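The following exercises concern the contact between two chains and the surroundings of one ligand. Each task is followed by a worked solution.

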Amino acid sequence: MGYQARLRVWRGDSESGELRDYEVEAEEGEVVLDLLHRLQATRCPDLAVRWNCKAGKCGSCSAEVNGRPRLTCMTRMSLFDPDEVVTVTPMRTFPVIKDLVCDVSYNYVKAREVPAFTPPEGLEPGEYRMQQRDVERSQEFRKCIECFLCQDTCHVIRDHAENKEAFSGPRFLMRVAELEMHPLDDYAERGGDRPEESRGEHGLGMCNITKCCTDVCPEHIRITDNALIPLKERVADRRYDPILRFFRRKKE
Amino acid sequence: MAEIETHEYDVIVIGAGGAGLRAAIEARSRGMRTAILCKSLFGKAHTVMAEGGIAAAMGNVNSGDDWRVHFRDTMRGGKFLNNWRMAELHATEAPRRVWELETYGALFDRTPEGKISQRNFGGHEYPRLAHVGDRTGLELIRTLQQKVVSLQQRDRAEHGSYEAGLRVFAEFTVTDLLRDGDRMAGAVGYWRENGRFVRLTAPSVVLATGGIGKSFKVTSNSWEYTGDGHALALRAGARLINMEFVQFHPTGMVWPPSVKGILVTESVRGDGGVLRDSAGRRFMFDYVPEVFKASYADGPEEADRWYSDPDNNRRPPELLPRDEVARAINNEVKEGRGSPHGGVYLDVAGRLSTEEIMRRLPSMHHQFKELADVDITSQSMEVGPTCHYVMGGVEVDPDSAASAVPGLFAAGEVAGGMHGSNRLGGNSLSDLLVFGKRAGAGAADYVSGLERRPEVDPADVDEAVGAALAPFEVADARGAENPYAMQSELQQVMNRLVGIIRDGEEMCSALEQIAEIGQRAGRLAVPEGNRQFNPGWHLVLDVRNMLLVGECVAAAALRRTESRGGHTRDDHPRMDPNWRSRLLGCVLRDGAVEVSEQEQEPMRADLMRLFSREELEKYFTAEELAVEETASRTE
Ligand SMILES: Cc1cc2nc3c(=O)[nH]c(=O)nc-3n(C[C@H](O)[C@H](O)[C@H](O)COP(=O)(O)OP(=O)(O)OC[C@H]3O[C@@H](n4cnc5c(N)ncnc54)[C@H](O)[C@@H]3O)c2cc1C
Ligand code: SF4
Ligand code: SF4
Ligand code: FES
């Protein structure tokens, strides 16, 4: 039941570019990425697109389909009407390199600015004990495949490159939350304060909990409700009550 | 040659999967200035896709487990062709490597006592796979990636820059290794983004480039798996062993066509999933081979009891090693008992509650729902064999991961020997950690022991760059070959003629066709565009490697006249004990692949004694056992 699908793909580089129209054969069950590959193999051998797993596991194939941030390998063509023009553009928040490939180095810079897990003193490898219910909160965040779609969609940086310096984006604020909720992270015991840093160094205050990041996350991680809001609450607690902060930490 | 970007390191690690990252962490921890090079973005290597788990005999779920049991399972899975020293190191060191991940911040699923939980898998006697739902590879790679970052943070604190001692070159393809005489001197590669070439000089190189599965049409592997590391090693003078052994995973998706080959994790069977033919029959009971009869159930009642009482029942045959299950499915389909799209049924809905499935197999649920409109909590999956893993690879010294070329090391899927003729599920991720660490240490020791650092001959660099750019010159020539078409041609040949079931004549034909394609490969051209992120050009370079590696697989497979593990021949259907100790090695001589036989070192006596005489008789020749007996007596 193949049909001729109508694809409109952004072609160009950092200097200039345009949307170009293509008609591509679409077979039953295919996803947008399959059609991009068919274009490559038949008509546009130099079409630049990233991918790896083709199963929603690696987060390489991010782009915007009809303006919505999506994994192209998990976007079925059956979502669209056969006559509909399906427009594929690169993620808007990051500078374009070529066609659908953009420069996502911002994310790797931000990743490096979050202090790493601090292993607890006195526990040897093999001695770590944690309960399933205690690891589940951080495990949810560790499902992240780093597709950067949440970063792409967040309005704080989407059309405001000037905010990138001060704001790490939902993905990396969530990374702070993940470490903060890790049952054995010793960062606070060594004098660090992750919530406070998320406010100061990573710009948590700029997030106004619109939940757009949560909406586009292909892993269905509840970024805003489970990571960002609790982090904001912890910041608030600490700012108002340093003593409480001390006790909370001990209790946990 | 004009200006070329140049860097100098102590250790260059090619590959940012589990093996490469663990090697780099080790090398940096030992003070080496280290570079990690990878074709994709950082954190996207194949390792990210691993689902089921990491095998390590921690004994958290069944305290009967220990390294000896794991060693035995690994040798059995590989049909005793494994490098036994590697299998021994792997079994003894895997638990420590897994625990170490917790100190980097990993969060595995837990047992009620708060330890790392472990699940059942094919060929493993006890629940042994540490896991995080069915996204274990993601946890592994992210943890190692974050450990790399933490080392960079330390370097920044001490030396003022994140990249002072450990730098990641992402979306960077290595095209050639450089030598000074016969030893390693560095590598040449290019940035995929802009096509600019870079020269990296270093006395040691660790290959951690993964596998070759993209040479086959139906595969669970990504575009990265073009056998680059295998080809680089060959061209640098190293030897590949066991290339005839290719693992076809029994359960890949078969429908819709666009996802054909994508993996369905073995955890589905480990957690209770069963295989059925089109009439609903559990056919695996018909396929338990003689060597495994003692430990696998012969009927559904006993098999079902095993899940709750593993000590008093034999295991379900769905959990046989992968080669057995893949052949069984292949046969069912061939004999007309397959599903509509040419697979068989895998059912977990009848075995686990919806909640359990969602908890244990969330990403499988998502994958089938999104890609095939199948809800695995109520419907069966359609599955069939898919090319998954290559057991063959660079021959290395087990302890140091050193190849025969001084300064060249290899770890992970690109290294050969550890898994013998067939790898057990979960034994790859542990392999990456155990031998990744050893390779990092081996490279660091090698560099520390050097009296003189090697020098790079600029002419070699020019030549490498020239060869990589040549396909641009061919672009307008008549008779230019298209890389996409050629890749697909090769994939068909490999799948059809050197696939899961092989035959002498077919493999001869495969070799002829590969040679013929190879002839034309000289005219491979960049179809369009310039050096800026140009997949057409990238593929031209990949296809050259795929051809070389495809030839090794076919040539070695033709030579081995028996069936064993991931090598099954219709014309030689039996396993032959005389072949057990013989390995096939491939080297490149004057540009041609040369296959030769070599004897495997006899297994150490104390390791032999871990098996019963009865079992050994199934695999070893009478002479080998007689020698062993005299050795034991005189000990
Ligand atoms: C879908 C799937 C599921 C799996 N599940 C499991 C499981 O549950 N348990 C298990 O034990 N095993 C599993 N495996 C197998 C296991 O994941 C792989 O064997 C393993 O991850 C390979 O790791 P590696 O470090 O050797 O290479 P990879 O992780 O593949 O990394 C290779 C690296 O080399 C780089 N590279 C390659 N060529 C070049 C070049 N020319 N220049 C620069 N860089 C280069 C790549 O970019 C990449 O970074 C699975 C495999 C697949 C495909
Ligand atoms: S909730 Fe916050 S982080 Fe998420 S999109 Fe909105 S502003 Fe950005
Ligand atoms: S949180 Fe979700 S959307 Fe954001 S990078 Fe991770 S997986 Fe992608
Ligand atoms: S290709 Fe991996 S998520 Fe799409």
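**Exercise 1.** Identify the partner of R50(A) in a salt bridge and state the distance between the closest N and O atoms.

*Solution.* The model is predicted. A salt bridge requires a side-chain nitrogen of Lys or Arg within 4 Å of a carboxyl oxygen of Asp or Glu. R50(A) is paired with E171(B), and their closest N and O atoms lie 2.7 Å apart. Because 4 Å is the cut-off, the 2.7 Å pair qualifies as a salt bridge. Between chain B and chain A the count is 6 salt bridges.

**Exercise 2.** Determine which elements of chain B give two or more residues to the side that touches chain A, and describe that side by residue class.

*Solution.* The elements are α3 (84-103), α4 (136-159), α10 (362-372) and α15 (535-559) of chain B. Of these, α4(B) gives the most, with 10 residues. By class, this side of chain B divides into 26 nonpolar, 19 polar and 20 charged residues.

**Exercise 3.** State the extent of the contact between chain B and chain A.

*Solution.* Chain B contributes 65 residues and chain A contributes 61 residues. The buried area is about 5,300 Å², with 53% coming from carbon and sulfur atoms.

**Exercise 4.** Characterise the shell around ligand 3.

*Solution.* The residues surrounding ligand 3 include C144(A), C147(A), C150(A) and C217(A). Also among them are I145(A), F148(A), M174(A), P218(A), I223(A) and E146(A). By class, the shell comprises 9 nonpolar, no polar and 1 charged residues.

Technical notes. Residues are numbered from 1 along each chain as its sequence is written. Chains are lettered from A and ligands numbered from 1 in the order in which they are written. This is a predicted model: local features need pLDDT of at least 70, side-chain atom pairs count only at pLDDT 80 or more; totals for chains, interfaces and linings use all residues. Side-chain values use heavy atoms; hydrogens and water are left out. Contact means heavy atoms within 4.5 Å. Buried area is the accessible area (1.4 Å probe) that two parts lose on being put together, summed over both. Helices (H or I, at least four residues) and strands (E, at least two) are DSSP runs, numbered from the N terminus. Ala, Val, Leu, Ile, Met, Phe, Trp, Tyr, Cys and Pro count as nonpolar, Asp, Glu, Lys and Arg as charged, and the others, Gly among them, as polar. A residue is near a molecule or strand if one of its heavy atoms lies within 4 Å of it.
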